[in-house]
Amino acid sequence: MTDLIYEQPLNEKIRSYLRLEYLAQQVQHNLENDHQQRCFYPLFSLLELNERCDYRGDLLKEIDRQLFILAKWQLLPHVDAPQVQNLVDGLSKAREQLQNPSRIGSALKQDRFLSALRQRFGMPGACCNFDLPQLHYWLAKPWDERRGEYLQWVEHFTPLLTPVSLLLSLIRSTSEYQDATAAGGFYQGTNAQPLSLIRVKIDPAQGCYPTISGHKTRYAIHFVQFADQRHSDKTIAFKLATCA
């Protein structure tokens, strides 16, 4: 079996980025496969998150911080200059897209079809054709036509999701996996520099999964046996990456 990767954010900013990334992955999966009405759940989740939080300001600050760091990298000897320049170009372009003054996703709130669906999707079993005949009609359209319309809707979130993807890629690249062992199913670590993300890679054949907690420079990993949902007392071998 393929190793599974578990990630634990150590601050609210990374927690938000990971949630947005998860929704972006669902959206992409819905663009590649016809999942009928299920395709609306990540779309409406993105709308709701953007109504609760304005991510633009935090993302612009983080992009500026990363561009400052990359500018220093470009001065280092033996640096992979083309790769660093690609990162700079990607972040700079993402920054330009975020400069649009309109709130991300706000235009979709004016779409009468989506608004009607959104009101009903939070109710159990409320997507029957007698509840939402317009959805019944839309689902009868050819897949290519529905995919095109869905793509137009999700593109409203591109200015948000693109920088999130770039920033998470940069954060994950700050640390490589190292072999680690949890004696009695428990592992604890510290780091001199503040951390933002803990990543654990483990073979699912070991029959357990990690629960991770921590804050900035300290973290702990407990391994739980899936079969009985109890803390493992075994010695667990895994791989660990601590990302700044």
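Let's start at one residue: setting aside neighbours within four places in sequence, Ile14 is in contact (heavy atoms within 4.5 Å) with Pro9, Leu168, Ile171, Ser196 and Leu197. This is a predicted model, in which local features need pLDDT of at least 70 and side-chain atom pairs count only at pLDDT 80 or more, while totals for chains, interfaces and linings use all residues. Residues are numbered from 1 along each chain as its sequence is written, and side-chain values use heavy atoms, leaving out hydrogens and water.

Ile14 has a relative accessible area of 1%, so Ile14 is buried (buried means under 20% relative accessible area, exposed over 50%, partly exposed in between, with a 1.4 Å probe and protein chains only). Ile14 lies in helix H1; helices here are DSSP runs of H or I with at least four residues, numbered from the N terminus.

Now follow H1 to its partner. The axes of H1 (residues 12–32) and H2 (residues 40–52) come within 9 Å and cross at roughly 150°, the axes being lines fitted to C-alpha atoms over the stretch in contact, with angles from 0 to 180 degrees between N-to-C directions. That makes H1 roughly antiparallel to H2, a term for angles over 145 degrees. Where do H1 and H2 meet? Leu20, Leu23, Gln26, Val27 and Asn30 in H1 meet Pro42, Ser45, Leu46 and Leu49 in H2.

Finally, a look at the cysteines. Cys53 is partly exposed because its relative accessibility is 35%, whereas Cys208, at 5%, is buried. Searching the whole structure turns up zero disulfides, a disulfide being a pair of cysteine sulfur atoms within 2.5 Å.

Methods: Helix = DSSP H or I, 4+ residues; strand = E, 2+ residues; numbered from the N terminus. Parallel < 35°, antiparallel > 145°, perpendicular 65-115°, else oblique.
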